[in-house]
Amino acid sequence: MSATEGYPAQFFDGQTAAKQDVTVWIEADAIVIEIGRSREVWTYKEIIRLPQTGNPQTGDDIRIRRRRHKGATLILSAPAAAKLRLAAPELFDGLRERRRMATLITGMVAGAGLVGAALFIGVPAASGPLAAATPKSFEMRMGENFAAQITTIFRPCKGADPAIASLQPVLNQLAETGDVGYPIAFQFVRMSAPNAFALPGGQVIATSGLLKLLEDDPDAFVAVLAHELGHVKARDGLKAFYHNAGLGAILEIITGGSGVAQQVVMLGGQMRQMRYNRRQESEADATAADLLIKAGLDPAALARAFIAIQGFSSPGVDDNQAEPTLDKKVLGWLSSHPDTSARIEIAREKARPASASPISDEDWAVITSACKGSND
Amino acid sequence: MNEDTVAGQGEQMKVANTSSIGPMLWIGFYTVLLNLVTLTIFRFWGRTHFRRRLWSDTSVGGEPLAYTGRGVELFIGFFIAIFTLMIPFVGAVLAAQILFGPAGAAFVIVPLYLALFVLIGVAIFLARRYHLSRTQLRGIRFAQTGSAWGYGFATFGYGILSGITLGWFGPAARIRLSRKMWSKAYFGNLPFQFEDTPEALAEPVYKSFAVAWVGSVVAYFVWIGIIASSGVAEGLGDSPAIDPKMIAFFYLSAIPLGLLIGIFISWHEAVMIRRIVKSLRVGDLRATSRIGMWDILELSITNTLLIIFTLGFGYMAAQMRLWKRLANRMALDGAIDFDAIRQSEIEAPRQGEGLADGLDIISNF
């Protein structure tokens, strides 16, 4: 034992809740604790200091224990604490803890960077090859089920069967001549915003709002459907699904969340999956133009559709309509289709005289009545 | 039991918290900030820092509590829960949507969501077991035994009963769940008891609930009546020009309504806390609480303001203020022989709270 002065202290041994009086010696690299007849040596390396208590009665005491040791706690009063501060300043300056936290946070930020890269680079890059590796039959089944689920939320137009029957040959011809690669299953749903979607595997949905908007221009309506067939051919719906599911899974892993919230995002995502990126949109435009030309139609019809939809979502551009209602603003088709002016121009450049209208006046009359009476 | 008989039996042991708001605001602030740059992964460490501080500032009989949990334990617990439960769950739901139509998908998804509600109780139980295992007083740890699944199914069943009774089973459910939890808790080798003492039973649990329930419904309809008769409602219809004065009246009149309902609920909440605290005994120490309606009401209002005005980072400080009030309104009557209490032999969980974290039902304390 050293010749230095011993200090009275208090001790919990971690075996019982009894508080014991002990004597401690503050040595160069350890504290020696004399408990009754036995001794313990706690090196400064293994010691951690508990946070200072805010209790005014015990506020000056410091409490120390050994890392990974059950319970044993030493309480030093001010004189012993002052001596310890001289012998082991690292227990008091907080440097060790700060350094540890700095390392930890650096690691976490680096990890966050990797996750960010996975989110913004990895997932989008993987969704294409994943889609390519997915069997068509699986994609079609997926699309059928998604369509069935969506139409439990957005109700299909009642009595639209004759209209769909009139439209089906046109869709079949477009799909066949354009080598779309999927049989097309088409539905009308009740929604006032003019919109059309392509789900995975050849499921195409148009809203009653779109039909109403284009009721005087059958070719423009067909052009919008041709655009959706472009998405079907490129398997954009499946890619978007993998994209969203990948993002969802990674965010779930990192941030937690109930899974319930995640699920809401997923379900909502099925609608939002129709938001493709600009490249996918212009490719679908190009495919549409190709399909329309092969079917003997004028690709400029697509430009007319864009203009009509643009007029719907941002009136005042070329008419004196009053403020659009909120749902029109929010649900506007254009929100998912940026740089429309450029797309209108591109479509116009491809203009050529149409050889024939694909839909007879009689058929068009049947088609435009698809959602009459159930139009919201 | 009055003060004299307590003094005759032994002593009254003080429970106290001396936290101040500054350090808690700071921990809350840097936790929010670091969460932003670490995709929220820092939250486990922030929560640990908060608890370490709060526990140290809380004393029982003059001795501070010690929190021995570590951020990394929460981190690992979270990942275990995510990979063993949440990812398979989301995967199954997604697969059901892909593979089946609406009816088939519902057939898979609905039972999964019901299971999720059972898991909420399981998660609460496991989080609590972790808490207690990482809490020490005088070098002795607390512990929780009992079945997590039992607690989960009880929470689920009571939740359904509370729903079909329009909430009226709620207070009974809360007491039953507290009993289930506390009667399996330990301080070292000393078990806690949850007993229906006369003091606990004297708390007007259902009287306060009835006042809160009926009072809130009546107050709400009276308010609706006032709004309807004032003509504000017509202004809220199709008319494009709504009188700003009417909007102001609508919102201003909601303040006294909110306050009144707040008073009802605060009273019931204070009664519930006292009912549960007064049922607790460990050894010969009996817990008691003097928490009152004004404590709850005042804290609800000031804590809400605190969180709003700090843009959210004051949430830890707000939780501290609630904890502090609960602690300072609590006392332990009777005596305890600390020399006789031995370290807990109950195995402590290695990691914690993962499921609660995965389900987003985590509490900082």
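How many strands make up the closed barrel of chain B, and in what order do they run?

## The barrel of chain B

In this predicted model, the barrel of chain B is closed and consists of ten strands in the order β1-β2-β3-β4-β5-β6-β7-β8-β9-β10, paired in the antiparallel sense. From one strand to the next, the twist averages 30°.

Strand β10 (residues 330–334) of chain B can be followed through its pairings. With strand β9 (residues 285–289) of chain B, β10(B) forms four bridges in the antiparallel sense. Within this pair, B:T288 stands opposite B:A331, and B:A287 has B:L332 as its bridge partner. Strand β1 (residues 11–17) of chain B is likewise joined to β10(B) by four bridges, and these two strands run antiparallel. Here B:K14 is the residue that stands opposite B:A331.

Helix α7 (170–182) of chain B lies across β6 (185–187), β7 (190–194) and β8 (280–282), running at about 165° to β7(B).

Helix α9 (residues 205–230) of chain B contains 26 residues; the distance from its first C-alpha to its last is 37 Å, close to the 38 Å expected at 1.5 Å a residue. Buried residues in α9(B) are B:V205, B:S208, B:F209 and B:A212. An α-helix has 3.6 residues a turn, so residues three or four places apart point the same way. The cover over the buried residues of α9(B) includes α7 (170–182) and α11 (244–277) of chain B.

## The contact between the chains

Where the two chains meet, 50 residues of chain B are in contact with 45 residues of chain A. On the side of chain B that touches chain A, at least two residues each are supplied by α2 (21–37), α3, β3, α4 (71–99), α5 (102–133), β5 (140–144) and α14 (354–358) of chain B. Helix α4(B) provides the largest share, eleven residues. Sorted by class, this side of chain B has 26 nonpolar, 15 polar and nine charged residues.

## Chain A: overall content and sheet

Chain A has 13 helices and ten strands. Of its 376 residues, 39% count as buried. Among contacts in chain A between residues at least 6 apart in sequence, 65% link residues at least 24 apart.

An open sheet of three strands in chain A has the order β8-β10-β9, with mixed pairing. Strands β8 (185–189) and β9 (196–199) of chain A each have a single partner strand and stand at the edges, so one side of each is left without a neighbour in the sheet. Neighbouring strands of this sheet are turned by 20° against each other on average, direction ignored. Strand β10 (residues 203–207) of chain A runs antiparallel to β9(A), to which four bridges join it. In this pair, A:V204 of β10(A) is the bridge partner of A:A198. Helix α3 (residues 136–153) of chain A lies across β8, β9 and β10 of chain A and runs at about 25° to β10(A).

## Nonpolar cores and a helix of chain A

The largest nonpolar core has 60 residues, and A:A223 and A:L225 are those with the most contacts inside it. Helix α6 (residues 218–234) of chain A gives the largest share of this core, ten residues. Apart from neighbours within four places in sequence, A:L225 is in contact with A:L171, A:A196, A:V204 and A:A206. A second, separate core of 49 residues includes B:L137, B:A185, B:V205 and B:M320. One of these residues, B:V205, is also among the buried residues of α9(B).

Helix α7 (residues 236–255) of chain A has 20 residues, which should span 28 Å at 1.5 Å a residue; its end C-alpha atoms are 28 Å apart, in agreement with this value. Which residues of α7(A) are buried? They are A:D236, A:G237, A:L238, A:K239, A:A240, A:F241, A:Y242, A:H243, A:N244, A:A245 and A:E252.

How values were computed: Residues numbered from 1 in each chain as written. Chains lettered and ligands numbered in written order. Predicted model: local features only at pLDDT ≥ 70, side-chain atom pairs only at ≥ 80, totals over all residues. Expected span 1.5 Å × (residues − 1). Buried ≥ 20, exposed ≤ 12 C-beta atoms within 10 Å, placed from the backbone. Contact = placed C-beta atoms within 7 Å. Pairing = 2+ DSSP bridges. Axes fitted to C-alpha atoms, helices over the stretch in contact; angles between N-to-C directions. Nonpolar A, V, L, I, M, F, W, Y, C, P; charged D, E, K, R; others polar. Core = buried A, V, L, I, M, F, W, Y, C linked by C-beta atoms within 7 Å.
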